[in-house]
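Please open the model in a viewer and keep the selection panel at hand.

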Amino acid sequence: MSEIKTFVPTPDSPPPLTSTGVLRWLRDNLFSSWFNSLLTLLALALLVRVVPPLVSWALVHAVWTGGPGVCDDASGACWAFIAAKARVMLIGTYPPELAWRPLAAGALLAGVVAATVSGRCKKRVLTGLWPVFFAAALWLVGGGAGLETVDQSRWGGLMLSLGLAAVGILVSVPLGILLALGRRSGMGGVSAVCIGFIELVRGVPLITILFMASVMMPLFLPPNFQINNLLRVQVGIILFSSAYIAEVVRGGLQAIPKGQIDAAKALGLSPWMVTVFVVLPQAVRHVLPALIGRCIALFKDTSLVIIVGLLDFLGMAKAASQDQLWLGHEVEGYVFCAAVYWVICFGMSRYGRSLEKRGPQTNR
Amino acid sequence: MKIIGKLLLALALLALATGAMAGTLEKVQQSGELVLGVSEGVAGFSAPDSNGKWAGFDVDMGHAVAAAVLKNADAIKFVPLASKQKIVAVSSGQVDLSRGTTWTMKRDCKQGVDFTVVLFYDGQGLMVKKSLGVTKATELDGASVAVVSGTTSELNVADFARANNIKLETVVFESKKEAFNAYVAGRTDAFTTDVSQLASLRAGAANPGEHIILPETFSKEPLSPFVRHGDQQWKDLVTWVLFGLIEAEEKGITQANVLDMKAKSQDPAVQRLLGATGDVGSFVGLDNDWLVRAIQAVGNYGEMYDRSFGPKTALNIPRGHNNLWTKGGLIYAMPIR
Amino acid sequence: MQAFRLKEQLVPILTQTLVVGAILYVALLLFQNTQANLEARNIASGFGFLSVESGMPINDSLLAYAPADTYGRAFLVGIVNTLFVSALSIVLATALGVLVGVARVSANWLVARLAAVYVELFRNIPLLLTLFFCYSTLLAFLPAPRQSLSPLAGVFINNRGVFAPRPHWLDGMGWVVLALGLAAIGAVLLARRSKRLRDETGRGLPAGWISLGLIAGLPTLAYFLAGRPIDFDVPTLHGFNFKGGMVLRPEFTALLTGLVLYTAAFIGENVRSGIQSVDKGQLDAAKALGLRPGSIMRKVILPQTLRVCIPATTNDYTSLVKNSSLAVAIGYPDMVSIGGTIIGQNDQAIEVIGLWMAVYLTINLVLSLGMNWCNAKVRLVER
Amino acid sequence: MDMSQVVIDVKGLNKWYGEFHVLKNIDLEVHKGERIVICGPSGSGKSTLIRCMNRLERHQEGTITVDGTELTNNLKGIEKIRREVGMVFQNFNLFPHMTVLENLTLAPVWVRRMPRREAEATAMRYLERVRIAEQAGKYPGQLSGGQQQRVAIARALCMSPNILLFDEPTSALDPEMIKEVLDVMVSLAEEDMTMVCVTHEMGFARTVADRIIFMDHGEIVEQNSPEEFFSNPQYDRTKLFLSQILHH
């Protein structure tokens, strides 16, 4: 038996410069083959064609401040128009002296969103926080109980878009869950009704549902039983969204292992208790990222209400460009809308993706 | 079971609710506000300003009615309506009064609404670029024309082409603004809609001087506010408030001098109008100061017109047909007595 | 025990009866109200209006149509337009989507980034806004008819659309068609022969190239031999615009572009997640067997990608068909746009909305059936 | 047997993942017909090493020469080597959308340009070798793990490789299936196939290997014949490893 030697690992040496430097990076990532090099050059050519004119229009030659008429000779964008119309686009025809109320609601929203996204709050706290926020926001915007009431006809702009989407989600999630449960209930009549509703709604464009809500619904209702346009459109959005959410939730219900139900039954829980305490929480947690996807889709879809005369964010941007003092600045309005929509939707999708990464289990 | 009980109760209520509609005047007075249907934003007629306040010709019309009925010109709830909705919105009672819309036989007789007074005589016209060198609409054979969908202008342009045996290619758009943009961008040779709006859109173009409005109007577009069919009392009220505004211009009563005139005018017609004598207010279920309030709120018809379309505005539409009959126009109020 | 059983059976029946009964009751109420309302407002009902002369002009129609035609014909034009723009968009969006999806996982950093920017940009902006943009930029960049671009003789591009010669067939065209048919048969035979050769000897023929030559060459030869039997109706500038020829209008193009750009972003994401769902070991194994990158993509990665892609893409296709209804915002006469005009003229909203729903449901049903069939084909067989 | 011919020659191999130094100065010669087992704790770089041998991983420094061809960025060279070198993976990596037979004939038909009939005949021969010919028409998902791994081995054999690389071929298997795979590997070894195996199956190493290589921290700690390696390890680290793996 020979003498035992001690193994001492050679210390790590830094990678050779050729495998770390900028040139190496360029070679690996942009010019690794002739085909890649060609692609890179094409992409660069595209960037050169698109970016400079865009920058010149949006930044270099843009007009940033000033009153009506300041943009008459500008060759770039007229951001002064956005500055002048920001309030209308954000809160519509809301009384200016009460503008602090929607702004406060917005600040609350930002706070609740921050609390949700940070992931530091317990889920139980959050599930309580959101309904409280909705109630507070509704009170702030709508008034009553000490605040002057502001009629719904004066709600508009981004506030209206967010409101339509938020209420849409808030109501359509429970409705969607009911529909999904109904669809899987095994009771022929109920599940036929649910399937019929879900498939009918999912089969048609939102526009037709909005048309129905705004043009047809008054014909269905008794003469003095009136629901205002906003509420009808909101109902249309809720019905539309709940059908889609039902399908998302159904996916979650299907993903629950049968063992879970067996285990719950074995504990002696009644069928509805099994559903409420075991199946639903797991299913909803499972489909949370998909639900957030639906939220994004719904928020984008609210832009269609312009077609039935509601002045939401996009609608207000269009209406604002009809002000006699500021005629002809529609494009800037659209760009502003696109930017805001983008930030909100992208933020939500990022959050959804982070939830997906965290995985369903670690969600407290 | 409780829930089901409640549901049944609600349904029963829904069934009971199938009754006759209450009178609009009563409803307006009870709720304390006038529900006015406006556009989604048409310069001059109705559009929100930078403070979010609705302004424009139709809006002033609403202020006048609100002032007469409710003694508060601002007691208005504005409901923006898309073209496709406006008739149903009025006929189903969602709004009490709608913005001016072309008065046609079919709408009046078949669609459940009643028109009141024509406040704006419009006509469909054609706008082309000056550089095209066209001076008459009939020279446009083969041209393409941008029109707005769901309006009578779409049908008028087809009729015009058929009647004059020329070919016009129409390109239909959902809104005026899109149609106009397409025309400015050169997608079409011409753009057609009511002359007033041609002017309004031209004012917003980059170079208003490049476009000319051709002399022909090939349709009659009498824009009149309208109300629900069958509510005679409310229709009378709106009609006579509007006649009152026109009569006021004829008699030289303005926002500024209305109280003076009421106190001092010796003209019996003015005295009747302003409630100094007689009781015309009671004819429409109001007090005698009804028109004084309306005029105080928005001025007479001419002032209303100038505020939205006059020379000081970006639109600058000459009075033309919309001048008083005494000055060669078509604006004419029935005698208030 | 008996009572318990009874309860267990009775509760579902009772619930169902209640739910269905309530729905029927509400439906009845609504129906009665509607009847009363329509009567009170003097609005006709039924589909009689479909046979009335419409008087409305439609500028872009695949069918022969004139304002003197009926509302029914007009609506049919709308259906055909909806189908046409949807079908074309699906094809193009799929092609672009696959390209974007592959670019997203590309080794080229810049290309991958650009693809990511594209996807994130279009997915997070409402389609309506995208359409407004497409339409205005399209018009802003194209010249007026008098300054048309003419990339090929007889083809003109301007802000009225893309104009191209329309071929008219003369006598002798039969020969050309015959030649084309023969070439097609030849190409099929060639492909079979190539496969057999590969199976037998391991080496196939360059069937693609030969077929291409055959299909292009044979009809061309026949065309000249038969004395050039095609007459082209070349668009010419006439007054304000081009006359004759075929035309692709900007509204159509803008709608197509918007739908394709928007949907391709979603399909690209499906393709990306499909590719990423393929186990990395698959790539290792394929490489270790010596397969080339092209073969790896075609034979190993893409077939497995489809499995993940197809269900999600089915949804995107049906959304695309539904989204084509936004045509109304930029002036393309699709079914909703034309239906909207009909509502405006007749007030028969119920009938028109009913028609819309029926047509969309049918389209989506057919689409789903087709995609389910595809899905069944690519599903993995497992224990 | 001509053991003198070097078929894989690794000289001064260094590899980094970013800043992390995974392989440090590896020198290794594999002779024709030689059977080498590489073992070591996880993270020691052994899988990376054999993945470098057919360029599934790129190295930054040093040279690897296989059958006289140096592995560089040259695609032709890589393709040539991959045709000569078969590889079996821990997770089988069968193509799930193809039948067993299609899995086996894919590369011969598309890479070797072999007539399909011939390729199928070869495939069936190898399937018989690994004793699952009756499963030829099934999909991988319908087979057990042991069966899948045997198919994977047959797939590698179909390309008639000169060298076979095994990357922990039994670690993903249930105990009772390990034997059926090892049996196939032993029978291959008996046919003088050049084999490089990363494995923890010390029984297999003892009976089959010509040389055992022990790696840790990205370097070769020691290499020796099986008898010497097991009975007389040179380093404390080796000893520790052996005690952990043999007496767990």
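Which residues lie nearest the centre of the second largest cavity? In this predicted model, select B:Lys86, B:Lys176, B:Asp194, B:Gln197 and B:Leu223, which lie nearest that centre. They belong to a lining of 25 residues. The volume of this second largest cavity is about 360 Å³. In total, the structure holds 8 cavities of 30 Å³ or more.

Next, display chain A together with chain D. The contact between them draws on 21 residues from chain A and 21 residues from chain D. About 1,700 Å² is buried between the two chains, with carbon and sulfur atoms giving 51% of that area. Now select A:Ile4, A:Lys5 and A:Phe7: these supply 34% of the area that chain A buries against chain D, more than any other three residues.

Across the interface of chain A and chain D, 1 salt bridge is found, along with 8 residue pairs in polar contact, both residues of each pair being at pLDDT 80 or more. Colouring by residue class, the side of chain A that touches chain D shows 9 nonpolar, 6 polar and 6 charged residues.

Finally, turn to chain C. Select residues 2-42 for domain 1, then residues 71-115 and 254-378 for domain 2. Taken over C-alpha atoms, the centres of these two domains of chain C are separated by 39 Å.

Key
Residues numbered from 1 in each chain as written. Chains lettered and ligands numbered in written order. Predicted model: local features only at pLDDT ≥ 70, side-chain atom pairs only at ≥ 80, totals over all residues. Heavy atoms only, no water. Domains from an automatic or database assignment. Contact = heavy atoms within 4.5 Å. Buried area = accessible area lost by both parts, 1.4 Å probe. Salt bridge = Lys/Arg side-chain N within 4 Å of Asp/Glu carboxyl O. Polar contact = N/O pair within 3.5 Å; in protein donor to acceptor, adjacent residues only side chain to side chain. Nonpolar A, V, L, I, M, F, W, Y, C, P; charged D, E, K, R; others polar. 1 Å grid on protein atoms, 1.4 Å probe; cavity = no way out; pocket = protein on both sides within 12 Å on 5 of 7 lines; lining within 4 Å. Points joined across faces, edges and corners; volume = space filled by probe spheres on them.
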